[in-house]
Amino acid sequence: MEETGNEPELAHKLREALGHVVQAAANVESDLRTVTAALLETKYGAVVVAGQSANWLIETIQALIKVHDRVDDQKRDELKGVLTRIKQAFEERNRLAHGVWGTGVDGAIMSHTSKLRRIDWQQSPVTLDSMNTTASELLNLSSGLYAWMFGTLPPEAITTEAQLRWEAYVRSLSPEELATLAERRQHGTT
């Protein structure tokens, strides 16, 4: 984005707000991995979900909740609503993060994005308010995913994604480090 006149401060604020949007979206993607692994109910789910895109995770969650015996109709509908909102928020994140920003004739900052196999550009305004709203929505959706997961699945399912990492960490410890860890846990200090 080209900066002229009074724009450096606004440009800085917009870039900072964009960072909040991108980080909030990364948290949601991580949460989607946790939910997917929890629905798989195996520590090896962490391998299945690692590196998968948000779209893949959403589609997999939707497939799993159709057949999962711990997810009743009410919980299924609740999660479908959250996933729909996540898709919408990610579309906005993509517009903000992947659009080309430019200043319009009236001085407004605009995002120009293209669609697959279309030559026309979609143009929409970029504002601090829209970015803050998107970041807040993503953070709320992250909380919504966790609330759904903790209200639906047993605790042992929720921790499956971290189990392999914990086991690998413990295997990496020397006998002395393992003894120290065991002693600290025995005394309630970690």
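**View 1. Strands β1 and β2, side by side.** Four bridges tie β1 to β2 (residues 109–114), and the two run antiparallel. Strands here are DSSP runs of E, at least two residues long, while helices are H or I runs of at least four, both numbered from the N terminus; two strands pair if DSSP finds at least two bridges between them. Across from Ile109 in β2 sits Thr103. This is a predicted model, where local features need pLDDT of at least 70, side-chain atom pairs count only at pLDDT 80 or more, and totals for chains, interfaces and linings use all residues. Residues are numbered from 1 along each chain as its sequence is written, and side-chain values use heavy atoms, with hydrogens and water left out.

**View 2. The open sheet, β1-β2-β3.** Three strands line up in that order with antiparallel pairing. At the edges are β1 (100–103) and β3 (121–125), each pairing on one side only.

View 3. Rings of Phe, Tyr and Trp (its six-membered ring) pair if their centres lie within 6.5 Å; planes under 30 degrees apart count as stacked, over 60 as edge-to-face and the rest as tilted. That rule gives two aromatic pairs. Tyr146 and Phe150 are stacked, at 5.9 Å centre to centre with 25 degrees between the planes. Both lie in α5 (residues 128–152), four residues apart, about one turn of the helix.

**View 4. Trp166 and Tyr169 in helix α7.** These ring centres are 5.4 Å apart and the planes are at 40 degrees, so the pair is tilted. Both residues belong to α7 (residues 160–172), three residues apart.
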